[in-house]
Amino acid sequence: MTTTFLSSGDLIVDRRAHYAQMLAEAGEFSSAADLMEQALSDAPGWAGGWMMTGNFHLKADVLSSAIAAWQRAAEHDPSGVLGAQMHLAAHGIGEIEPQAQAAYVEALFDQYAGHFEEALLQKLDYVVPGRLAELLGDAMGELGIEGFARGVDLGCGTGLMGERLRHVVSHLIGVDISAAMVTETRGKAIYDGVEHAELLDFLGAEGCVADIVTAADVFMYCPALPPIFSLVGKVLRPGGIFAFSVERHDGQDSQWLQASLRFAHNGDAIRAALSDAGLEVLRVSAETIRRDRGQPVAGLLFIARRPEGVDGLEVSDIDIGTEVPFALMN
Ligand SMILES: C[S@@+](CC[C@H](N)C(=O)[O-])C[C@H]1O[C@@H](n2cnc3c(N)ncnc32)[C@H](O)[C@@H]1O
């Protein structure tokens, strides 16, 4: 008997799960959850089945039962690939281990790779690459920058940001944690290379340098931004540009894991972390970045820069102060 995420390894249990799925599709979430609970008594180690059960309970508005089911799923999925730990953390239970977070994100985007662009552009009104490119163009005009020798597009996905950068970057590398995204994007002639890597590993590698680093719609999958900014501050050559988006969070905490399992980040905390990393903010724009279940998602787009070095001084030694030269908060 082999248990996988999709199958319990027991034909009868799988049939009952299939029937539960049909009940859920008909809006009968409570009955679907009950049927799953009964079925799982014959397959208690099936993590995928516990995830289905948790999601049905959530939709039936029985949070305590959803939490109990996600806890069973987490017990039987130590890799975290199914996202049970993420659901629990979003409800204030436990911490997310970085490896579980990475496994979840990689599996999520492996699944999406084939229909990603269609979903984002046609159904979700996704605007980040275009808007970041516009803000970048404005900042380049103001600074008199005509182009960049080396660029890195973090979380490149299928290359929507890369397409917008290509004409101003001589050597452009895409980086993505999802193997399926990387395969999809290597087949296109957008990047000079597409690396399969976690972005911190890529930025932290010996010899990584860039004149521009971008991350369009990526940091909502990253809990803590300061370690990323600190590496970007080291990787960028003096005068280099960092352009990125976040989902916006106006609460006290620097980040918030939402029920969508994406992180939203606080603008003030971002400014502070950029400053700590030796990066100055050139532009900030608050806008709707896409839709989620019909609702607009509030985002912030940032263009930051590693200041030109002063001879004999490391940029990290220069106090760039709290003044924001060109900040435009819409
Ligand atoms: C919403 S997509 C955006 C893709 C692309 N930047 C765009 O604008 O169309 C997020 C991408 O970031 C990648 N990603 C998320 N977390 C990552 C990480 N820690 N390291 C590298 N890639 C990551 C995902 O695999 C996915 O392809």
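Strand β4 (residues 210–215) runs parallel to β1, and four bridges join the two. Strands here are DSSP E runs of at least two residues, helices are H or I runs of at least four, and both are numbered from the N terminus. Two strands pair if DSSP finds at least two bridges between them. L154 has A215 as its bridge partner in β4.

The model is predicted: local features need pLDDT of at least 70, side-chain atom pairs count only at pLDDT 80 or more, and totals for chains, interfaces and linings use all residues. Residues are numbered from 1 along each chain as its sequence is written.

Stay with β1. This strand also pairs with β2, in the parallel sense, over six bridges. F148 stands opposite V169 in β2. Together β1, α9 and β2 make a right-handed β-α-β unit. Right-handed means that, with the strands pointing away from the viewer, the path from the first strand over the helix to the second runs clockwise.

How enclosed is β1 by the rest of the structure? Six of the seven residues of β1 (residues 148–154) are buried, so the strand is largely enclosed. Buried means that 20 or more other C-beta atoms lie within 10 Å of the residue's own; exposed means 12 or fewer, partly exposed is in between, and C-beta atoms are placed from the backbone.

Now the ligand. There are 21 residues around the ligand, and F109, G155, G157, L160 and A216 come nearest. A residue counts as near if its C-beta atom, placed from the backbone, lies within 6 Å. The elements giving two or more residues to this shell are α6 (98–112), α8 (128–143), α9 (160–165) and β2 (169–176). By class, the shell has 15 nonpolar, three polar and three charged residues. Ala, Val, Leu, Ile, Met, Phe, Trp, Tyr, Cys and Pro count as nonpolar; Asp, Glu, Lys and Arg as charged; the others, Gly among them, as polar.

Turn to helix α2 (residues 29–40). In α2, the buried residues are A32, A33, L35, M36, A39 and L40. They cover an arc of only 165° around the axis, which puts them on the same side of α2. The arc is that of the directions from the helix axis to the C-beta atoms.

Finally, two loops. Most residues other than glycine have a negative phi. D125 is not a glycine, yet its phi is positive, about 50°. D125 sits in the loop between α7 (116–123) and α8. With 13 C-beta neighbours inside 10 Å, D125 counts as partly exposed. R293 also has a positive phi of about 50°. R293 lies in the loop between β8 (280–292) and β9 (295–305). R293 is exposed, with 7 other C-beta atoms within 10 Å.
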